[in-house]
Amino acid sequence: MGRLRDVLVGYAPLGFVSFGGPPANVAMMHSLFVEKRKWVDDAVFTELMGISNALPGSLSTQLVFAIAVCHGGLAAGLVGFLLWSLPMMIVMTCLAIGVSHISTPFPAVVVHLTNGLVSVAVGLVAVAAYKLSQKVVTDTVTMLVCAGAACVSVAYSAAWVDPSLMVAGGLLTFLWDTWQHRTAHLHLIPTPSQDDRDPFSTSCMSPESRGDGDPSSPGNTEISVSVQEVPAVHEIEIGLNYSPLFGGLVIAFAAAVFAVLLVARSLMKSPPIPLSYVTNVFIAGSIIFGSGPVVVPLMHAYVVDPGWLSEQEFLLGVAFVNILPGPNFNFGAYCGALAMRSPTSYALLGAILGYVGIYFPGIALKLGVLPLWKHLRGRPSIKSFLRGVSAAAVGLVFYAVYILWQKAVSLPDGTATSLDGHSLYVILTTLTFVAVGLLSLPAPAVVVFGGVVGVLEWFATR
């Protein structure tokens with residue numbers, strides 16, 4: 001109970017102060033759980049962050065959950081996850097219910113406020129794409145995967161395109177890394193010499209074998225250090241109080257739920273909105289890697305195209321989720337409440353379905369993988385595949401900037417148009433990128449500024 005209490009105390013404020021997106025949240029968690037509370041050391045923190053990047057789901061959410069599990073076990077992990085995600089999920093649900101009661105099209109003042117907020121949101125998503133690309137797009141092949149995913153998404157808009165691009169990106173980097181490894185190996189093979197053909201030649205023998213080796217040589221020192229350090233990196237699994245079998249059962253259960261949802265929806269000519277929506281967010285939660293902003297283009301295809309949300313409602317939700325602390329995956333609750341907006345109790349059910357559906361796949365996979373994470377992190381083939389998946393995901397974030405730009409400005413008749421031709425909002429988007437991405441000013445302050453600019457424009461033009 002002591003460690004569960006630690007998680008309750010340590011995680012209680014996180015859902016209210018976690019502004020700034022994944023980079024800021026990871027830095028905050030390192031400061032809190034590695035430097036201050038010392039629940040994990042740097043090596044374990046880095047390993048857990050690597051797994052969080054490798055599995056679907058928000059990086060911040062995955063890392064929050066994993067640290068809590070490693071410190072206090074399964075119950076502590078679930079408590080930590082709820083403390084991290086639930087506060088702003090409730091806020092997003094309430095905002096969605098409020099939006100559902102606003103007449104469509106929105107009143108003029110609300111339209112201008114939304115335009116100011118969405119213009120800032122475009123800049124914030126661009127900042128996320130820029131910062132993620134700096135970490136993920138590290139060589140020629142990942143650059144090609146990232147750019148290709150963005151371009152294909154712009155050209156073809158369909159629900160199946162995004163997951164297909166992620167798989168294709170992973171396969172491309174896997175094939176590239178395999179070819180590079182084999183090429184390098186061939187280049188390292190020396191030309192056979194007389195000494196190579198004679199295994200007993202003294203020139204082929206190591207210095208130790210000839211009796212003139214120096215035990216304190218740099219090479220021997222490196223071997224000694226690596227042997228001593230490996231256990232220190234991999235022995236801090238102090239809170240994993242469940243077996244790999246249990247983890248495997250959780251993954252199997254998640255896969256079974258996914259299969260049932262897909263089969264049930266396919267068998268119905270006109271499936272009900274709750275079934276269609278929870279299936280869509282389950283898919284989204286299963287294929288988004290590394291960053292919450294990737295959820296924007298996926299959710300646009302899943303909720304706007306079927307007509308469950310208007311462009312104005314969707315863009316306002318994007319602005320809200322960028323204003324508030326906590327993970328971007330809470331956008332699933334917002335969209336669910338609006339997709340099932342009437343009556344209010346039905347909207348609450350939609351929010352719960354969106355919340356559970358979008359988070360459950362990643363959390364279930366994390367539970368299953370944690371007992372085996374040492375083995376997964378050590379396989380070069382998995383690391384190569386996930387390099388491409390992450391690069392494609394960053395390309396989708398750049399695509400999210402494009403689609404938000406194209407529909408960022410709401411018009412009085414309820415339609416949406418591009419930022420092109422609206423110089424005030426273009427300037428606001430640019431200032432947001434510079435202020436948050438380059439000057440590191442706090443995002444909430446910039447968002448408030450954007451809303452004020454929108455309202456002032458309404459005063460000036462009414």
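Colleagues, the model is predicted, so local features need pLDDT of at least 70 and side-chain atom pairs count only at pLDDT 80 or more, while totals for chains, interfaces and linings use all residues. Residues are numbered from 1 along each chain as its sequence is written, and side-chain values use heavy atoms, with hydrogens and water left out.

Let me start with the overall picture. The protein chain contains 22 helices and four strands; helices (H or I, at least four residues) and strands (E, at least two) are DSSP runs, numbered from the N terminus. Of its 462 residues, 47% count as buried. Buried means under 20% relative accessible area, exposed means over 50%, and partly exposed lies in between, with a 1.4 Å probe and protein chains only. Among contacts with a separation of 6 or more, 74% are accounted for by residues 24 or more positions apart, where contact means heavy atoms within 4.5 Å.

Leaving aside neighbours within four places in sequence, tyrosine 334 is in contact with several residues, including Met92, Leu95, Leu309 and Phe320.

Helix α7 covers residues 108-136 and includes serine 133. Is serine 133 buried or exposed? Serine 133 counts as buried because its relative accessibility is 14%. Not counting residues up to four places away in sequence, serine 133 touches Val394 and Phe398.

Next, the aromatic residues. A pair of aromatic rings is described by the distance of the centres and the angle of the planes. Rings of Phe, Tyr and Trp (its six-membered ring) pair if their centres lie within 6.5 Å; planes under 30 degrees apart count as stacked, over 60 as edge-to-face and the rest as tilted. By this rule the count is 19 aromatic pairs. In one of them, tyrosine 11 and tryptophan 39 are stacked, because their ring centres are 6.2 Å apart and their planes stand at 10 degrees. This pair links distant parts of the chain, 28 residues apart: tyrosine 11 belongs to helix α1, and tryptophan 39 to the loop between α3 and α4. Tyrosine 11 is buried, at 0% relative accessible area, and tryptophan 39 is buried at 7%.

Another pair, phenylalanine 81 and tyrosine 359, is edge-to-face, because the centres are 5.1 Å apart and the planes are at 75 degrees. Here 278 residues separate the partners, with phenylalanine 81 in helix α6 and tyrosine 359 in helix α18. Both residues are buried, and together with Phe329 and Tyr355 they form one aromatic cluster.

My last point concerns threonine 415. Where is threonine 415 placed? Threonine 415 sits in the loop between β3 (409-410) and β4 (416-417). Its relative accessibility is 39%, so threonine 415 counts as partly exposed. Threonine 415 and glutamate 311 are 104 residues apart in sequence, yet 7.2 Å apart in space, C-alpha to C-alpha. Not counting residues up to four places away in sequence, threonine 415 touches Val409 and Ser410.
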